[in-house]
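These are my notebook entries on one structure, taken down in the order in which I looked things up. I kept to sheets, helices, loops and a few single residues.

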Amino acid sequence: MDPRSAHKSGPEDWQRPLLCHRGLVSYQIVTQGSEHFELQVRLLDAEGNVVAQGTGGGGQLQVPNAHLWWPYLMHENPAYLYSLEVRMTAQTVMGPTADFYTLPVGIRTVTVTESQFLINRKPFYFHGVNKHEDSDIRGKGFDWALLMKDFNLLRWLGANSFRTSHYPYAEEVMQLCDRYGIVVIDECPGVGIVLVESYGNESLQHHLQVMEELVRRDKNHPAVVMWSVANEPSSYLQPAGYYFKTVIAHTKALDPSRPVTFVTNSNYAADLGVPYVDVICVNSYYSWYHDYGHLEVIELQLQTQFESWHRAYRKPIIQSEYGAETIAGLHEDPPLMFSEEYQKSLLARYHAVLDEKRKEYVVGELIWNFADFMTNQTPQRVLGNKKGIFTRQRQPKSAAFLLRDRYWRLANETWGPGAGPRALCLQNSPLTV
């Protein structure tokens, strides 16, 4: 979208259809083989009308009155996609031969300030989940039926986003996010960077290559709004500063249009990588991995966490993981660890602080996890990780209903009085299965 757009909007006007933006779509086409060919480029709207066209292997298309790509529950017409059609005509020994390739395209902007995450210049709050490509029976791997089940649950939940913890997901997942308006924090498989040896030159060069591959594959997805270069590294180690400065700078050079982060669980005063991120993503498990059973300490510890990070760095913050293990059907009153009541109580205490801090500089919350998933067998795990709000078979625990009430309330606040985005839960479904 052209940043010089003259559109002016009041606090309510932006929620109406935006038809006065001039969109810019830049393209670069790589070809191999014969040089005797012609390239024609057309951009088609959702009705199949040509709205812009060009020729050659690179250029920029201008789209008058562009429809913007909006996240789910942020606009009455979310996830608007154009089609970029590239047609090649080549001269061969058999005569003229033509072929074409079509790519879905979304027009939108992403901007970060010291206290906000903006999509199309409007504040966006991540209320979503962390996931895994895992399920019962099939295990790890891609499954269309499971994918549709998961996306239906995301929409039921009122979730507008997820992080690809802790690796790139199948391309079909990203394509569906584009069509559903589900915002993605796209994470590379930078897990286990915990030893000093992990920060050596060989690891660094491989990490740079991995980011090149990830950006090359996913850069055209409008749903992808931020890159994550690692999960829970030992970013307090001395080599971490140079390492993450290099990886983040490299990623920004590959794609200047998106912010870059990594997900930390280090102490704010010792983290050497966070100075280079655009958004601070923090994992914390208060009253789970320590202070067992003491739910009453969560509010103070979480407030201290947020205030310390923001005071030190003046950047927006996402609570990128939080949660508690829960055995479905296990009930205890008063709440005890592993019971459904304990998971609900823990989440509610986090939410109390998040509601306070999202008015200032917290820009998102992602529950760990969307669904239970299998892990290696250890004495600490009972048939895998049980922090899901859904079971591994995608059945809801009590916390799923708590989170659904919260996420739809957040969505209604985004739309304002009388807007009623709840209708979107059933309407405008891009796919029928």
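Entry 1, the open sheet. I began with an open sheet of three strands, which runs in the order β7-β8-β9 with antiparallel pairing. Since the model is a predicted one, I read everything below as a description of that prediction. At the edges of this sheet I found β7 (110-112) and β9 (122-123), each of which pairs on one side only. Looking at one of the pairings, I noted that β7 and β8 (residues 117-119) are joined in the antiparallel sense over three bridges, and that Val-110 has Ile-119 of β8 standing opposite.

I then turned to β5 (residues 82-92) and β6 (residues 95-105), an antiparallel pair with eleven bridges between the strands.

Next I traced a closed barrel of eight strands, in the order β10-β13-β14-β15-β16-β17-β18-β19, and found the pairing to be parallel. From one strand to the next, the twist averages 25°. Helix α4 (residues 240-254) touches β15 and β16 (260-264), with a direction at about 155° to that of β15.

With β13 (residues 161-163), strand β10 (residues 126-130) forms a parallel pair over two bridges; here Val-129 has Phe-162 as its bridge partner, while Asn-130 stands opposite Arg-163. With β19, strand β10 pairs in the parallel sense over four bridges, and there I noted Gly-128 opposite Leu-366.

Leaving aside neighbours within four places in sequence, I listed Gly-192, Ile-193, Ser-203 and Tyr-243 as the contacts of Ser-198.

I looked up Ile-327 in the same way, and located this residue in the loop between β18 (317-321) and α6 (340-357). With a relative accessible area of 27%, Ile-327 is partly exposed. Again leaving aside neighbours within four places in sequence, Ile-327 is in contact with Phe-338, Glu-340 and Lys-386. For Lys-386 I also noted the separation from Ile-327, which is 59 residues in sequence but 6.5 Å in space, C-alpha to C-alpha.

Which residues form a nonpolar patch on the surface? I found Met-374, Val-382 and Leu-383, which together have about 300 Å² of accessible area. Of these I followed up Met-374, which is found in the loop between β19 (362-367) and α7 (398-415), and which counts as partly exposed at 34% relative accessibility.

Note on methods. Residues are numbered from 1 along each chain as its sequence is written. This is a predicted model: local features need pLDDT of at least 70, side-chain atom pairs count only at pLDDT 80 or more; totals for chains, interfaces and linings use all residues. Side-chain values use heavy atoms; hydrogens and water are left out. Two strands pair if DSSP finds at least two bridges between them. Axes are lines fitted to C-alpha atoms, for helices over the stretch in contact, and angles run from 0 to 180 degrees between N-to-C directions. Contact means heavy atoms within 4.5 Å. Patches are made of residues with over 30% relative accessible area and no salt bridge: like charges are joined within 9 Å, nonpolar side chains (Val, Leu, Ile, Met, Phe, Trp, Tyr) within 5 Å. Accessible areas come from the Shrake-Rupley method with a 1.4 Å probe; for residues, only the protein chains shown count as cover. A salt bridge is a side-chain nitrogen of Lys or Arg within 4 Å of a carboxyl oxygen of Asp or Glu. Buried means under 20% relative accessible area, exposed over 50%, partly exposed in between (1.4 Å probe, protein chains only).
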